[in-house]
Amino acid sequence: MQRYWQAANYLTIGQIYLQDNPLLREPLQVEHIKPRLLGHWETSPGLRFIYVHLNRLITERDAQVIYLAGPGHGGPAILATVYLEVTYSEVYPDVSEDFAGMRLLFRRFSTPGGVPSHVSVPTPGSIHEGGELSYVLTHAFGAAFDNPDLIVAAVVGDGEAETGPLEGSWKSVHFLNPARDGAVLPILHLNGYKIANPTVLGRTSDADVRAMLEGHGYDVHFVEGDDPALMHQVFAATLDTCYERIRDIQRDARENGVSDRVRWPAIVLRTPKGWTGPQSVHGVPVEGTFRAHQVPLSDVRTDPDQLKQLESWLRGYEPETVFDETGRLAPSLAALSPKGDRRMGANPYANGGTLAVDLDLPDFREYALPVEQPAVVRAESTRRLAEMLRDVFTRNAAQGNFRIFSPDEANSNRLGPVFEVENRCFVGRRIPGDEHLSPDGRVMEVLSEHLCEGWLEGYILTGRHGLYVTYEAFAMVSASMTVQHAKWLEEAVNLPWRDPIPSLNILLTSTC
Ligand SMILES: Cc1ncc(C[n+]2csc(CCOP(=O)(O)OP(=O)(O)O)c2C)c(N)n1
């Protein structure tokens, strides 16, 4: 696994720096370096470390896992791993598993006409665009709802963890039903820094981080250090423990019913920012500091010392041993990748259109309000709509692929009729007097527009259907997310391998 990680690290740096000489068959020269250096090194080693370990878990347990990278600006990390597991070459055959394909992988990265520097729509296995930080956990929970076998591994950056929506997202666990839903495994990656500053949680003691996450309802596991040999052991053991805990929680709920409160596992991973990268550049510390954030050796084209440093950094990952003479991953390493659809880059849950089952919809005309004469009937349009939504719930109860998401406004938006057949979801203490509240409910009411929109996006990106109901004024709270989703759709239609996903439906009320 260490060598697999080395191969992935090598490919990441290659994408950032190299336009030629991909396997360093000749001494590195300025003409092999890209004219403009773009990309994020810093978060990438951690993202790949987690990916390689999830690969082991998937292979050993036949687990169904997808991977959401909150710090998705580490795009080259995920591209490197999906390339190593061969999904990338299957989706884009010209980026083949050989010398020529590796060269193309490098050249296309963050280049006009190539692929974005962030995890994005063209990245196989992705349902979460790495751009606007904040939404990784809300997307993860949306994906896990009604997908009982799925585990969504969600990496949260410590900078990202400072955002309002992410802070609110921890509460999603109070809406996750272990009998009916899959699981989210949050991995809070404390690499200590954002772009130019320390992070709040990076500078917070383990005791306080633990207290915060325990307060949200998690069972917290710390993995910290910078010695890869040790870190592999501890992280692997922790992942096994978390996996077993998840399956225990689910088994218990599926056999004995859902209890008030379960503690889902979460991992806190503390590693240096820019782990295994240059320690320092011209005497200025880089690894483990904010200076590792983007391109740590930024003057390689003009500074011969930096060029030498880059070459020895690259050679340190031993490309001649991890790749064979044709440029393919060495067979002993390739054997570590999960197979077929279990590869995280090829998992159908991350290409939700392939799994989508159409809703059984009644004819909307049946819900029309008779208007015999103008200006004599007084009625509420959303109440009529709610009668139709009620019947949508009933007709699709067996396939369980429809939910309504609302920031506590189902009643005020006159959706009452849905509660004739459906409940609000709440996985926590219920007391006499609560109305229509159940862990099995499919009306998701949380007072967070970000969670409503994000849960719905995660839900439809994995092939299910839903409706987000909110007042127009407060829809602006999550409008930026809607824009991001629209950008995703705009790009996805150009990729024939991505099947169309169900629509993002938003009901805006209280307009003029
Ligand atoms: C909402 C939002 N605000 C600002 C940025 C700009 N930005 C990109 S990366 C970054 C720092 C992220 O830090 P962290 O989440 O800790 O990730 P990592 O250190 O692993 O890169 C910032 C502020 C952004 N991408 N999204």
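**View 1. The shell around the ligand.** In this predicted model, 18 residues surround the ligand, and Thr 43, Pro 71, Gly 157, Gly 159 and Glu 160 are the closest; a residue is counted here if its C-beta atom, placed from the backbone, lies within 6 Å of the ligand. The shell comprises eight polar, six charged and four nonpolar residues, where Ala, Val, Leu, Ile, Met, Phe, Trp, Tyr, Cys and Pro count as nonpolar, Asp, Glu, Lys and Arg as charged, and the others, Gly among them, as polar. Residues are numbered from 1 along each chain as its sequence is written. Because the model is predicted, local features need pLDDT of at least 70 and side-chain atom pairs count only at pLDDT 80 or more, while totals for chains, interfaces and linings use all residues.

**View 2. The largest nonpolar core.** This core has 130 residues, and Val 152 and Ala 154 have the most contacts inside it; such a core is a set of buried Ala, Val, Leu, Ile, Met, Phe, Trp, Tyr and Cys residues joined through C-beta atoms within 7 Å, and buried means that 20 or more other C-beta atoms lie within 10 Å of a residue's own, all placed from the backbone. Helix H1 (residues 2-17) gives the largest share, nine residues, helices being DSSP runs of H or I with at least four residues, numbered from the N terminus.

**View 3. Helix H9 (residues 228-256)****.** This helix of 29 residues reaches 41 Å from its first C-alpha to its last, close to the 42 Å expected at 1.5 Å a residue, a span taken as 1.5 Å times one less than the number of residues. The buried residues of H9 include Met 231, Phe 235 and Leu 239. After H9 comes Gly 257, whose phi is positive, near 95°.

Methods: Buried ≥ 20, exposed ≤ 12 C-beta atoms within 10 Å, placed from the backbone. Helix = DSSP H or I, 4+ residues; strand = E, 2+ residues; numbered from the N terminus.
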